Structures are given as C-alpha cells and as structure tokens.
Amino acid sequence: MDGQNAEVLSPAETVPSSFSAQVFSTRILAAVVYELQQKGIPPEATLEGTHIAPAQLDDHTTRTSYRQLDRVLRNTLLLTRDPAIALRAGRRMRITSYGMYGYAVLSSETFDDVRRIVTRYKHVVGPLVDTSIQKDGETVVCRLEPMYWHDVSQDIYRFAVEFGLAASLAIRKDLCGPDFGFSEVSLAYPAPGHRAVYEDMFGCPVRFGGQVNAAYYDQAWVDGPMPLADARSNSMAREMCDQLLREVNQAGGIAAEVQKVLVGRLGHFPNMDSIAELVGMHPRALRRKLQSEGTSFRHLLSDVRMRLAVEYLQKTMLTNEEIAHRLGYRDPANFRHAFKRWKGRSPSAFRAE
C-alpha cells in the first residue's frame, strides 16, 4: 500500500446510511492507530481530521463513525511505507476486543449458534468487512466484502479485506485454539508486492485475482460444543447486543429510510419525488437531508443495486437478464456496464467461480 490512489475514492460515492453516525466503539480504529505507533508514527498524525484525541481511544464511552474510520485508513495509507500494515493491525484484534459481541460469541453453545450471532449482530461493531459464513460439504466458507469501499482497484479496498482477514484468523484461534488455520484463502484483487506476508501469516495457499474474498477451513474445527459455553452469560450478552443493534439502526437517519423503501420495491424503484412522498418530505428537503448525511438518492440507489446484484450472482441461478430486470434496468447492457463499474469485471466473470 503505497498510498498512490488513497484519495481517489470519495466516501460520498458509496456512503451508507450510517456512514456519519457516531455509534461504534473505537476498537478497530485503535488497532490501526496502535500499530502505526509501534512504527514511530504519533497517534495525532493518524487521527488527523477525525476530531478524536489519542486519550479517547481507551475510553469505552467514545463513539466513532465510519467517516472517522475512513479518514484514519486514508491517513494510514499516506503515513506508512509498510504495505502489510492492515494485516499487522488486524492481527491485533481478539474476540474480547469486540466487547459484548465478543462475549456473546464466546459463551455460545455451538458454532451454529456463533454463525447465527455473527449474522444478526455483526454490524454492531462497525466492521471493515461484511462477513458471511456458510458450509460447503466438509468445508466452512467465510466470505468478506468491504462494507463501504467497493472499488477493487483501490488500496483502501485491499486495506479493509486484509484487516478483516487477519482479524478473522486471530478470532478463530481464540475460539478453536492456537493450532487453527485456514486451508485456503481467495482474494478478488491482484497479488500485491507483499504477498509473501500473506503466505507467512496464513500458512496456506493464497490465490489472488479471484471473484470473491474468502477464507476456507475444515468443518472439523467447529464440530462439537464451544469450550466456554454459558447460557446465562450468553443471554445477557445478546440482550446488550440487541440494544446496540437498535442504536445502530436508529442512527441510519433518512438515508436508512430511503434504502428500506428501495429494497422493498425491487424491479420498480421509485424516483426521487415518489420516495419523498413515501417518507413524508418535500423533494428539496429530502435532497438537503441526504446531502447533510453525506449521500444522495443516486448513490443510495446505486448501492442498493450493487449489493442486490452481488447477492443474486452469488446465491441464485438467475440469468443476467433476469437480474437486470429485478434491479430495474430496461436494458441488460446497462446492468452489465454498471456492474463492471462497481466490481471491475462483468457479472458473468464475477459469477464464474
């Protein structure tokens, strides 16, 4: 990561509903700051532009937003010459780093319960990547997709994946024991200059230039009961996670309402005026409100379409033409052009794997 294109992607281009909401803990942000500090880079430099003081990182009451985290990631890309900084920072994350979410995972009875907790509560920690866990025969597949940085050609996309992948390995070692390891890693971007760090850290075949970001491991690692299962502790932790999840959802603002409307009208997406009527606002007022939240109707529609397209391609056998129709494209060629702009490849190439 040389920072050469660190400033190309504007947050407003792919901003989600909660991008500016200060509802997340400082744990992930702190891991990045501390890793740079070990390399002689003062926390103040890494935190520049966030309005967060170094001392606040250790205060459990401090809440941050994705906008502040985005600024720290971009600062990092410019401040360090270590191309593997995200891998090293992600390795600092342990299951207990995630607070009540971590304790809910630790106290689960089985790994199936863990999967359900990850699915329900993963967004309460403000992760860099959206994670999904699935079984494929005797193999568990953990897929990772950057939350709000979707351009695979950008350094910040790779930063999010590297951090999430390293953190995923560290957490699984906490859950399964120090001998746990991935059997294979697949990444959607070309091999970087520091690919040797991947091979050393993960100790398994690492494939670059694929269609998805995923880590694979044997089902045997997660068979049987969890070693620290405790029903009472798990219930209490999940109650607190429910409260945190409500706070995150409520912080979405009007952008979250617009996204809900769009998702509920697949194939017949309303225009800006219709959306305004549905949410009870004048179109000009809605436009200003979305702008104040760092987004726009066009960006929200594009983001909803992109996320749904990925879901359809990964999880259904729908043709490109059928997907284009469901996403409101009259001409399938327009869908193909849009998808290539989002993911850097055609829908068919994305699905090929």
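Modeller: Beginning with the whole, buried residues, meaning those under 20% relative accessible area with a 1.4 Å probe and protein chains only (exposed is over 50%, partly exposed in between), make up 54% of the 353 residues in the protein. This is a predicted model, in which local features need pLDDT of at least 70 and side-chain atom pairs count only at pLDDT 80 or more, while totals for chains, interfaces and linings use all residues. Residues are numbered from 1 along each chain as its sequence is written, and side-chain values use heavy atoms, with hydrogens and water left out.

The radius of gyration, taken over C-alpha atoms, is 20 Å, which agrees with the value near 20 Å for a compact globule of 353 residues, the globule rule being 2.2 Å times the number of residues to the power 0.38. Of the contacts (heavy atoms within 4.5 Å) between residues at least 6 apart in sequence, 70% join residues at least 24 apart.

Turning to the cysteines, the structure holds 0 disulfides, a disulfide being a pair of cysteine sulfur atoms within 2.5 Å. Cys204 is in no disulfide, and the nearest cysteine sulfur, that of Cys142, lies 13 Å away. Cys204 counts as buried because its relative accessibility is 10%. For Cys241, the closest cysteine sulfur is again in Cys142, at 18 Å, so the two are too far apart for a bond. Cys241 is likewise buried, with a relative accessible area of 0%.
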